[in-house]
Amino acid sequence: QWKQEDYGRRIEPWLHAFIVVFSISTAAVGAVFGFYNPLDLGPGCWVNSWPEGCGTDPWDYAGPCKSVLIAWVFGGLPSVSMLQ
């Protein structure tokens, strides 16, 4: 059992560092690989239609969309992992 003081001194700084590094890394990786596109509904950008043009025309097939998987790795898993 961790005491609150020990947890705050030993674990909490690592959690803060992890979230900062994770956020900057996913933003950089997404920008470099072009994961971010305008949303289909509403203003804003998020992982959408990656690779570019996937799933839009059966004759101009760009491969299977990986947007949902990337969105879960970048946003969903970190959010779900923080639930207790």
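This is a predicted model: local features need pLDDT of at least 70, side-chain atom pairs count only at pLDDT 80 or more; totals for chains, interfaces and linings use all residues.

Phe 35 is buried, at 8% relative accessibility. Asn 37 is buried as well, with a relative accessible area of 11%.

| Residue | Relative accessible area | Class |
|---|---|---|
| Phe 35 | 8% | buried |
| Asn 37 | 11% | buried |

In the pair of Phe 35 and Trp 50 the ring centres are 4.6 Å apart and the planes stand at 80°, so the geometry is edge-to-face. Phe 35 sits in the loop between α2 and β1 and Trp 50 in the loop between β2 and α3, so this pair ties together parts that are 15 residues apart in sequence. One aromatic cluster is formed by Phe 33, Phe 35, Trp 50 and Phe 74.

The largest nonpolar core has five residues: Phe 35, Val 47, Ile 70, Ala 71 and Phe 74. Helix α3 (residues 67-81) supplies the largest share of this core, with three residues. Beyond four places in sequence, Ile 70 touches Phe 35, Val 47 and Trp 50.

Asn 37 belongs to strand β1 (residues 36-38). Its side chain reaches the backbone oxygen of Asn 48 at 2.4 Å.

On confidence, the protein averages a pLDDT of 83, and 88% of the residues score at least 70. Among the elements, helix α2 (residues 12-33) has the highest mean pLDDT (91) and strand β2 (residues 45-47) the lowest (80).

Note on methods. Residues are numbered from 1 along each chain as its sequence is written. Side-chain values use heavy atoms; hydrogens and water are left out. pLDDT is the predictor's confidence in each residue, from 0 to 100. Helices (H or I, at least four residues) and strands (E, at least two) are DSSP runs, numbered from the N terminus. Buried means under 20% relative accessible area, exposed over 50%, partly exposed in between (1.4 Å probe, protein chains only). A polar contact is a pair of N or O atoms within 3.5 Å; within protein, one must be able to donate a hydrogen and the other to accept it, and residues adjacent in sequence count only if both atoms are side-chain atoms. A nonpolar core is a set of buried Ala, Val, Leu, Ile, Met, Phe, Trp, Tyr and Cys residues joined through side-chain atoms within 4.5 Å. Contact means heavy atoms within 4.5 Å. Rings of Phe, Tyr and Trp (its six-membered ring) pair if their centres lie within 6.5 Å; planes under 30 degrees apart count as stacked, over 60 as edge-to-face and the rest as tilted.
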